[in-house]
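This report walks through the strands, the chain contact and a few single residues. Keep the model open while reading.

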Amino acid sequence: MIVAEQKEISEIINMVGDHNNILVVGCDTCVTVCLAGGAKEAAILSSALRLAYRVKGKEITVEATTIERQCEIEFVDALEPILKRKDLVISMGCGIGVQTIAERFPQLLVVPALNTKFLGLPEKQGVWVERCQACGQCVLDKTGGICPISRCSKSLLNGPCGGSQNGKCEISKDTDCGWHLIYERLKTLGRLESLEEIMPVKNWSTSRDGGPRKVIREDMCL
Amino acid sequence: MSFQQRLEKKEFTITAEIGPPKGTDVSEMLKNAQRLKGRVHAVNVTDNQSAVMRLSSLASCHMLVEMGIEPIFQITCRDRNRLALQSDLLSAHALGIRNVLTLTGDHTQVGDHPQAKPVFDVDSTHLLQIIQKLNEGRDLSTQFMNKKLSDGTVLKGKTQLFPGAVVCPEANPLKPQLLRFSKKVTAGAKFFQTQAVYDYEKFKEFMKKARELNTKVLAGILLLRSPGMAKYLNKNVPGITVPDVLIKEMESSSQPLKAGVKIAARQIKQMQEICDGVHIMAIGLEDKVLDILDEAGM
């Protein structure tokens, strides 16, 4: 899932500025699961904003709503009736959610309440970790199901660098060395010989480095 | 005799290293280089070492060539994509540089520009393959020609670079490092300069493996300045383990730096029996390299 984190309230207040009829939109999918931008967080943010302005001696209208998925136009359509007279939309979706609303309602100012962090999973209660960089060319078959692109700090393809020590990465003792994990997994699977072959130079053009990406399924196009 | 020729003729080879300045004043670096002239067979120049921005290794290597000192151009994958790597390698050749030490490079997170975007387009194994290709007169370009991916473009003048790499013989655990070590040999590494080694017996074991792979190894000798430095290395630097007996030797000396010089000299003498040379690192105390060599009788 997409993992996100709420911005500092001071930063959000700066975005609100002089606007006074605001809609906070939560999203029921990934950001609900990672406790960053679901219905509960949308309600809390709305109260916090009202309170912050009341303290400054100004009453603003802040309404909260949550839709099932901010990343699909048909769900975003549902916002239309409640957007009347709103002068600002604060999206609590991921970066995709913010942009989907902005694309659907181009006359409206839409701002983000979250920082979208990564594609990952909840490791334990309150902790989320990155697992995929969407590089566009999956190599998990060669690395025992552990991704060298996202788990190695340097996205190396041919084993651990000299900074790997006792299974940890040089950037922090709290970060596992991705290649150490890959080595141990392949050892368990009895497939260490697959590491002897040099993995070729990567084609990064399938990643973000090739420019904004698009998937076209002609068989599915109308 | 060049660095490459010495290694090929199985002559014990000594290298040291200098670090370019943070700034444009190269006088100290050149003074250090001048001191080493005639005493070591080649001088490594570090490349934004520890991910700290400095004057370039390429420019510094060229200055060494002009001084009649044979450089070893250290080049990392952290700050350059494949275009920049190849371009710098062509430039190195054109500037009279022949020896190249390929490194992955420390992560930007551990350096002085932690907000920078690191590159790591290719890894150090790939970089060795790239050098092999440039030496054969082709680059890494992949253009669609006649509906097929081209295997590089023919260069107008090929490189004659002598590629080397690094290895960490005291890494813990060692096996994943050894896998990478043999990949680097396959990818064309003709010599290795190792991370600092202090455990002679462990290094002997490592050399058995290196001999099987038929490559040249220069053991890393890192000058210990004080017991405190040794303890710091043990705690903070991956792949370096200073044994307690050496720390005690320094603690019991009234002049720890002198004890460190003695230890380094002793290590060099030991290494003569089992590997092809030594790479002396005296970070910040380059003048001590000469004391070490005097003490070792080299």
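Is strand 8 (residues 191-196) of chain B largely enclosed by the rest of the structure or left open? Six of its six residues are buried, so strand 8 of chain B is largely enclosed. Note that this is a predicted model.

## Strand 8 of chain B and its partners

Strand 8 of chain B pairs with strand 7 (residues 162-167) of chain B. The two run parallel and are joined by four bridges. One position to look up is B:Ala165, whose bridge partner in strand 8 of chain B is B:Phe192. Between the two strands the chain passes through helix 6 (residues 175-186) of chain B. This β-α-β crossover is right-handed.

Strand 8 of chain B also pairs with strand 9 (residues 216-222) of chain B. Here too the sense is parallel, over four bridges. B:Ala196 has B:Gly220 of strand 9 of chain B as its bridge partner.

## Chain A: domains and sheet

Chain A is divided into two parts: domain 1 covers 2-118 and domain 2 covers 134-203. Their centres, taken over C-alpha atoms, are 38 Å apart.

An open sheet of four strands in chain A has the order 3-2-4-5, with parallel pairing. Which strands stand at the edges? They are strand 3 (61-67) and strand 5 (110-112) of chain A. Each has a single partner strand, so one side of each is left without a neighbour in the sheet. On average, neighbouring strands of this sheet are turned by 25 degrees against each other, direction ignored.

Within the sheet, strand 2 (residues 21-27) and strand 4 (residues 88-91) of chain A pair over four bridges, in the parallel sense. A:Leu23 stands opposite A:Val89 of strand 4 of chain A. Helix 5 (residues 95-104) of chain A packs on this sheet. Helix 5 of chain A touches strand 2, strand 4 and strand 5 of chain A. Its direction makes about 175 degrees with that of strand 5 of chain A.

## Where the chains touch

How many residues of chain B are in contact with chain A? The count is 26 residues of chain B, against 24 residues of chain A. On the chain B side, the elements that give two or more residues are helix 5 (124-136) and helix 6 of chain B. The largest share, six residues, comes from helix 6 of chain B. By type, the chain B side divides into 11 nonpolar, 10 polar and five charged residues.

## Backbone exceptions

Most residues other than glycine have a negative phi, and most peptide bonds are trans. The peptide bond from B:Asn172 to B:Pro173 is cis, with omega near -5 degrees. B:Pro173 is found in the loop between strand 7 and helix 6 of chain B.

A:Ala134 has a positive phi of about 50 degrees although it is not a glycine. Its place is the loop between strand 7 (127-132) and helix 6 (148-151) of chain A. B:Asn48, also not a glycine, has a positive phi near 40 degrees. B:Asn48 is found in the loop between strand 2 (42-45) and helix 3 (57-66) of chain B.

## Burial of single residues

| Residue | Other C-beta atoms within 10 Å | Class |
|---|---|---|
| A:Ala134 | 13 | partly exposed |
| B:Asn48 | 24 | buried |
| A:Arg54 | 11 | exposed |
| B:Val278 | 31 | buried |

A:Arg54 lies in helix 3 (residues 39-55) of chain A. It counts as exposed because 11 neighbours fall under the limit of 12 or fewer.

B:Val278 lies in strand 10 (residues 277-281) of chain B. B:Val278 counts as buried because its 31 neighbours meet the limit of 20 or more. Leaving aside neighbours within four places in sequence, B:Val278 is in contact with B:Ile14, B:Leu218, B:Ala219, B:Ile221, B:Ile268 and B:Met271. B:Val278 and B:Arg39 are 239 residues apart in sequence and 13 Å apart in space, C-alpha to C-alpha.

Technical notes:
Residues numbered from 1 in each chain as written. Chains lettered and ligands numbered in written order. Predicted model: local features only at pLDDT ≥ 70, side-chain atom pairs only at ≥ 80, totals over all residues. Pairing = 2+ DSSP bridges. Right-handed = clockwise from strand over helix to strand, strands pointing away. Domains from an automatic or database assignment. Axes fitted to C-alpha atoms, helices over the stretch in contact; angles between N-to-C directions. Contact = placed C-beta atoms within 7 Å. Nonpolar A, V, L, I, M, F, W, Y, C, P; charged D, E, K, R; others polar.
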